[in-house]
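Hi,

Here is the structure I said I'd pass on to you. Have a look at it first, and then read on for what turned up.

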Amino acid sequence: MAPSSAAASPSLSLNQTPHFHHQTPPITWLKPPPSSALFRRKTLPISAASSSSSTSLSITDKPTSHFHGNLIDTFESHHPTTKGATFIEEPLERNELSARRRLFTQDPPWISALFLKGLTRTVDQTLKLEKKDIDKRKFDSLRRRQVKEETEAWERMVDEYRELEKEMCEKSLAPNLPYVKHMFLGWFQPLRDVIEREQRLQKSKSKKVRAAYAPHIELLPADKMAVIVMHKMMGLVMSGHEDGCIQVVQAAVSIGIAIEHEVGIHNFLKRTRKNNAGDSQEEVKDKQLLRKRVNSLIRRKRIIDALKVVKSEGIKPWGRATQAKLGSRLLELLMETAYVQPPLTQSGDTIPEVRPAFRHKFKTVTKYPGSKMVRRYGVIECDSLLLAGLDKSAKHMLIPYVPMLVPPKRWKGYDKGGYLFLPSYIMRTHGSKKQQDALKDISSKTAHRVFEALDTLGNTKWRVNRKILDVVERLWADGGNIAGLVNREDVPIPEKPLSEDPEEIQTWKWSVRKAKKINRERHSLRCDVELKLSVARKMKDEEGFYYPHNLDFRGRAYPMHPHLNHLSSDLCRGTLEFAEGRPLGKSGLYWLKIHLANLYAGGVEKLSHDGRLAFVENHLDDIIDSAENAVHGKRWWLKAEDPFQCLAACVILAQALKSPSPHSVISNLPIHQDGSCNGLQHYAALGRDSFEAAAVNLVAGDKPADVYSEISLRVHEIMKKDSSKDPESNPTAALAKILINQVDRKLVKQTVMTSVYGVTYVGAREQIKRRLEEKGVITDERMLFAAACYSAKVTLAALGEIFEAARAIMSWLGDCAKIIASDNHPVRWTTPLGLPVVQPYCRSERHLIRTSLQVLALQREGNTVDVRKQRTAFPPNFVHSLDGTHMMMTAVACREAGLNFAGVHDSYWTHACDVDTMNRILREKFVELYSSPILEDLLQSFQESYPTLVFPPVPKRGDFDLKEVLKSQYFFN
């Protein structure tokens with residue numbers, strides 16, 4: 001290949017075999033000139049041996065891994081004597097002289113690797129920056145939507161009614177609207193007008209004669225206030241009315257709270273939006289200064305400070321009295337303007353009947369059945385026409401605390417965290433000032449682990465499982481009454497008998513009362529389903545969403561959104577899944593099958609793991625049929641105890657079984673690991689009793705121990721013994737004979753489960769009565785009541801015999817609480833994670849508020865503690881604080897291990913492939929928690945807080961080795 005003076009580039013072939021030759025003889029290296037054209041030119045033309053075909057390789061293009069090989073092969077094809085080296089001509093020089101020859105050899109492997117590694121790193125960094133930029137833009141967009149969702153919800157509703165009103169005026173006809181919106185549209189204008197009139201009236205009065213609510217009724221536009229009043233009132237009616245009545249106190253305070261929250265947001269929007277034409281110079285200047293300050297903080301990345309600025313309105317909390325007075329007046333205005341009209345069935349000559357939608361009246365109730373003490377309170381009664389069909393309209397109600405589109409704000413204090421603008425508090429104190437004060441004094445350093453755990457739970461990303469939602473929608477549209485869905489139809493009210501026989505009349509009255517009670521329950525459940533589905537429909541097209549969490553006063557975590565969340569019913573749990581999917585893996589497929597068997601239940605969940613796997617293997621055809629044809633197939637999934645969750649598991653398992661690579665199938669399904677009677681597990685760990693520890697699976701076994709079956713066997717033994725006694729001398733003998741064949745695991749399960757949480761004899765009686773009603777063997781009401789009383793006594797006695805150490809600890813905790821409460825102090829303690837807990841049980845004091853509607857009696861926290869409640873509630877509350885601690889410790893450790901985690905008290909969830917890791921972590925954290933002297937620390941804190949009081953010593957512990965928990969596969973399973 002001879003050099004040519006006219007050539008501007010070396011001639012090379014790209015059609016050679018792209019492999020390096022490793023046999024490289026000694027090569028002569030020629031140093032290229034310092035300003036070589038190869039490095040100076042933007043493109044390197046490369047041609048074949050003949051000058052007729054050529055191509056250019058840009059140095060800005062991504063180089064291929066064959067580049068070095070091509071150069072070597074080309075040179076060898078032209079110069080066989082110099083194998084392994086490539087000769088390139090360098091034709092162009094700065095001094096325009098003839099080109100010099102350069103000799104290249106194959107790079108040593110490490111040079112090639114370094115070159116490609118550096119290039120790959122550069123490309124990866126570029127891609128990461130681009131992805132980060134895209135993610136940031138996406139996040140900013142979602143955050144803007146979230147802010148609008150929180151701050152402009154009521155405003156959008158006002159705009160909607162304005163548009164509907166305009167359409168109605170233009171077309172002289174009401175739009176085709178759902179039932180509740182049709183009513184709202186009819187109420188909107190009259191209510192808005194009377195609120196405007198009231199605002200003008202109060203403004204015109206002097207301060208001396210103005211109403212107490214006057215300064216607050218002016219703080220919102222009348223149309224927005226009207227929409228809030230209508231929606232809040234109807235929301236209360238839907239969420240749980242009794243005989244169509246809502247207590248005035250509840251309605252007034254709820255409306256007042258909603259108005260107060262919206263006033264804060266309204267002021268924020270008013271101060272930060274662009275200047276309006278009507279703004280005064282002073283208002284414009286204030287807005288400019290606020291925007292300037294906020295923008296300055298944002299530029300310095302002080303986002304939290306910026307939020308504080310825009311949220312601080314300089315308005316003090318209103319207080320219950322102010323909320324109640326304003327709410328009462330707005331309720332009164334609603335009753336003046338809201339009317340309903342029956343369907344027009346009359347002839348055209350008659351005047352249509354129009355009647356008030358709400359009426360104010362007083363109800364008198366006895367304190368308890370048979371008591372002479374009565375209580376009188378005011379209620380708002382809803383018209384029967386208003387209630388008719390209301391459950392079908394629940395989906396059109398505004399729900400302010402919806403799941404978030406972006407991760408919640410990190411918790412930093414009592415009211416710092418959660419939603420971006422909606423009021424968020426770390427604990428649901430229900431107005432307990434003592435608990436609020438304890439939390440407000442807490443530092444981030446003291447409770448950082450609690451904050452961290454709540455942030456972990458809040459950062460778990462969820463999405464709607466569309467396949468399951470579609471099945472739910474179809475079953476609901478067909479009338480419900482299947483898969484745990486409530487029947488969409490009411491039961492018919494029995495007609496009055498023609499006979500005047502007193503017994504028949506009494507029987508009829510009982511049946512009417514029962515039918516009405518069932519219909520009230522169905523109405524409430526239908527509203528609940530509609531609210532859940534309305535949220536699911538709203539969120540189903542979102543890539544993902546988040547649930548901010550906060551605590552109850554005992555330290556248990558809950559999502560702040562009340563309707564569609566994973567702590568709720570099977571419907572909600574089946575409809576939700578993790579937004580992030582992960583491959584099943586070998587262990588994941590195993591746990592998916594175990595999970596499906598657990599959800600099917602019916603005794604299957606009490607088998608060994610091998611037994612559960614065998615159950616699933618025996619029903620593979622049913623599982624695949626359920627996944628492929630859920631509604632019109634064999635419907636095997638409907639037999640499950642948790643049908644919708646079971647169906648979700650069937651869908652994923654069917655995908656895996658059909659896949660050529662089952663272990664690589666992506667699963668978004670949360671897999672649950674539940675504690676075995678978790679309350680007793682905590683007591684067994686506190687008391688270190690080996691027998692009790694084995695009974696609740698703290699010790700490894702071939703199959704799970706079933707404490708409920710143990711108790712039911714003991715109950716059966718006691719009843720068998722009683723049934724052999726003489727009925728004349730022993731009244732329980734007859735009851736024992738009737739019940740002996742009805743005793744099973746299900747009869748005693750709820751009572752055993754709640755016994756450690758302080759269930760009373762009355763509570764146990766009601767639980768067992770419901771189970772006996774379900775069995776349907778005893779139909780007589782009096783006999784049923786007597787049987788429930790006897791069963792409750794026997795069950796609690798059996799519990800005391802088997803769990804003696806747990807009972808001793810419960811008694812000790814109750815005794816300590818009684819000593820503290822008798823000295824007029826609420827019981828206080830600090831959880832192992834540093835969360836202060838104060839029991840809020842004090843005798844309430846009545847505070848009378850005179851309103852335009854009636855005198856309201858508001859309940860306030862008094863200064864005298866309720867000794868009985870403090871004593872009975874302390875043992876279960878203390879154990880709840882410990883199970884909440886265990887869950888939070890596990891949540892943080894799982895996050896550090898890279899797992900997605902969700903917790904439902906004693907049920908821990910993660911991806912199928914991560915169950916083994918989570919199982920190891922939750923056992924380690926349980927051992928870590930109970931390795932500390934919890935009861936001794938509690939006693940010491942009591943002695944330090946109340947040095948003048950004398951407390952009993954801590955009950956003796958057994959010799960159970962906590963490390964046995966690490967080896968117990970059925971501890972959580």
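Let me start with a pairing of strands: S14 (residues 549-552) runs antiparallel to S15, with 3 bridges between the two. Within that pairing, Leu 551 sits opposite Ala 557 of S15. Helix H14 (residues 448-458) packs on the sheet, where it touches both S14 and S15, and its direction makes about 130° with that of S14. Keep in mind throughout that this is a predicted model.

The sheet itself is open and has 3 strands, in the order S12-S14-S15, with mixed pairing. Strands S12 (427-428) and S15 (557-559) are at the edges with a single partner strand each, so one side of each has no neighbour in the sheet.

Which residues of H13 are buried? They are Gln 435, Gln 436, Ala 438 and Leu 439. Looking down the axis of H13, you'll find these within an arc of 160°, so they line one face of the helix. On the face turned away from that buried side are the exposed residues Lys 433 and Lys 440.

Helix H26 (residues 745-755) is another one to look at. Its buried residues are Leu 747, Val 748, Thr 751, Val 752 and Ser 755. Down the axis of H26 they fall within an arc of 105°, so here too the buried residues line one face. What do the buried residues of H26 pack against? The partners are helices H22 (678-687), H24 (707-723), H27 (761-775), H28 (781-802) and H29 (804-822).

Gln 645 has a relative accessibility of 6%, so it counts as buried, the cut-off being under 20%. Beyond its neighbours within four places in sequence, Gln 645 is in contact with Asp 570, Arg 573, Gly 574, Leu 599 and His 672.

Finally, the chain as a whole:
- The protein chain has 32 helices and 25 strands.
- Of its 973 residues, 49% count as buried.
- Taking contacts between residues at least 6 apart in sequence, 70% join residues at least 24 apart.
- The accessible surface is about 49200 Å², and 53% of that belongs to carbon and sulfur atoms.

Cheers

Conventions:
Residues numbered from 1 in each chain as written. Predicted model: local features only at pLDDT ≥ 70, side-chain atom pairs only at ≥ 80, totals over all residues. Heavy atoms only, no water. Buried < 20%, exposed > 50% of the residue type's maximum accessible area, 1.4 Å probe, protein only. Helix = DSSP H or I, 4+ residues; strand = E, 2+ residues; numbered from the N terminus. Arc of directions from axis to C-beta. Contact = heavy atoms within 4.5 Å. Areas by Shrake-Rupley, 256 points an atom, 1.4 Å probe, with all protein chains shown as cover. Pairing = 2+ DSSP bridges. Axes fitted to C-alpha atoms, helices over the stretch in contact; angles between N-to-C directions.
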